[in-house]
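Reader: I'd like to go through this structure with you, starting with how its parts meet. Could you put it up first?

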Amino acid sequence: MTTPTIELKPSAHPLSEAERNKILAAPGFGRHFTDHMVTIKWTEGRGWHDGQLVPYGPLSLDPATNVLHYAQEIFEGLKAYRQPDGSVAMFRPDANARRFQASARRLAMPELPVETFIEACDVLVQQDKGWVPAHGGEESLYLRPFMIATEVGLGVKPANEYLFVVIASPAGAYFAGGVKPVSIWLSENRVRAVPGGMGDAKTGGNYAASLLAQAEAAVHGCDQVAYLDAVEHKWVEELGGMNLYFVYEDAANGTRIVTPTLTGSLLAGVTRDSLLSVARDLGYASQEARVSIDQWRADTENGTLTEVFACGTAAVITPVGTVKSAGGEWTQSGGEPGKVTLKLREALLDIQRGVAEDTHGWMHRLG
Ligand SMILES: *Cc1c(COP(=O)(O)O)cnc(C)c1O
């Protein structure tokens, strides 16, 4: 154990166990928050300091606080799962910590040490352990670390003060009545990210940029948007908040799963990365490659591309059913969840909930 640098100032009035259990019976996603949060400050010349665990509550910000105007903000998302022995473990927090550093570099923000990121998550989960849903299903405690520029003033420059915060929210099973495929709107005129932009950083600005296309998808009866590259409008990149996988099957070569190459405008998902390995564990080939929209459609129609799915921390794996664009529409695996998709989903979830052996050393147990 490293020396704790986070001072514990827990709430004198946490929610009663009865009230908490009422929430945990049907938590939904991102609607309820635990009793506490962790905050750590950064100031130029002084670095990281004043780490605290405090009661969950509003932040007080001057209206001229930098982040409110110029969006210098980054975030992460990861989950803690109840294990069969009643303990709690987080899935790959080190990967999220490193990605948080990469996002910070891109947005000219200070890098939080990996150990401090993990310690902040540990301290919060330890304190609010009662909020981690009981073992059994896919329920988890979703952690949302984020950092904002807190310097006051309207000058445009990297801020000289920042606040790092971790909050936590219990999450129910993403698919309440069984896994259901999502429908996808192919956005041919709006892009999420551009070469040299910040598509590979986890920052709120990318989400702000995606909301209009998401609303257009809804008008076309679709759940999610798939984005193409910004230059040729040809290469499939990802959804607004999930990466994509294509499942190829042929009698001679077996099963192969393919995910778009990280070109700089895609977000490097931890789930995406994990599935490259989980697929190999299951005896499938897995690879990164560029996939064009024309190839997606042609390979579906000629029967070699048998399933498509999206992946990310919140839903783990979501099958893709219908794909719609201005130019037409097609269906993936008869609009049903594919068998490779479901097998990968089960295999990854089994590692996360501690039912399968953690051969990759991904689970971080609370001490
Ligand atoms: C967070 C995110 C993902 C998924 O990443 P995970 O680490 O698997 O949760 C994919 N795309 C975007 C744009 C994201 O912000």
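Reader: How many salt bridges are there between domain 1 and domain 2?

Author: The count between domain 1 and domain 2 is two salt bridges, a salt bridge being a side-chain nitrogen of Lys or Arg within 4 Å of a carboxyl oxygen of Asp or Glu. Please keep in mind that this is a predicted model, where local features need pLDDT of at least 70 and side-chain atom pairs count only at pLDDT 80 or more, while totals for chains, interfaces and linings use all residues. Residues are numbered from 1 along each chain as its sequence is written, and side-chain values use heavy atoms, with hydrogens and water left out.

Reader: Which residues do domain 1 and domain 2 cover?

Author: Domain 1 spans 6–171 and domain 2 spans 182–352, with bounds that come from an automatic or database domain assignment. Their C-alpha centres lie 28 Å apart.

Reader: What area is buried between domain 1 and domain 2?

Author: About 1,800 Å² is buried there, and carbon and sulfur atoms give 56% of this; buried area is the accessible area (1.4 Å probe) that two parts lose on being put together, summed over both. On the domain 1 side, F75, F91 and R99 supply 33% of the area buried against domain 2, more than any other three residues.

Reader: Switching to the ligand, which residues are closest?

Author: The ligand is surrounded by 15 residues, the closest being K202, Y207, E238, T271 and T313, where a residue is near if one of its heavy atoms lies within 4 Å.

Reader: How far is an oxygen atom of the ligand from the side chain of T271?

Author: An N or O atom in the T271 side chain is 2.6 Å from a ligand oxygen atom, and for K202 the corresponding distance is 2.7 Å. R99 also has a polar side-chain atom 2.8 Å from an oxygen atom of the ligand.

Terms used:
A polar contact is a pair of N or O atoms within 3.5 Å; within protein, one must be able to donate a hydrogen and the other to accept it, and residues adjacent in sequence count only if both atoms are side-chain atoms.
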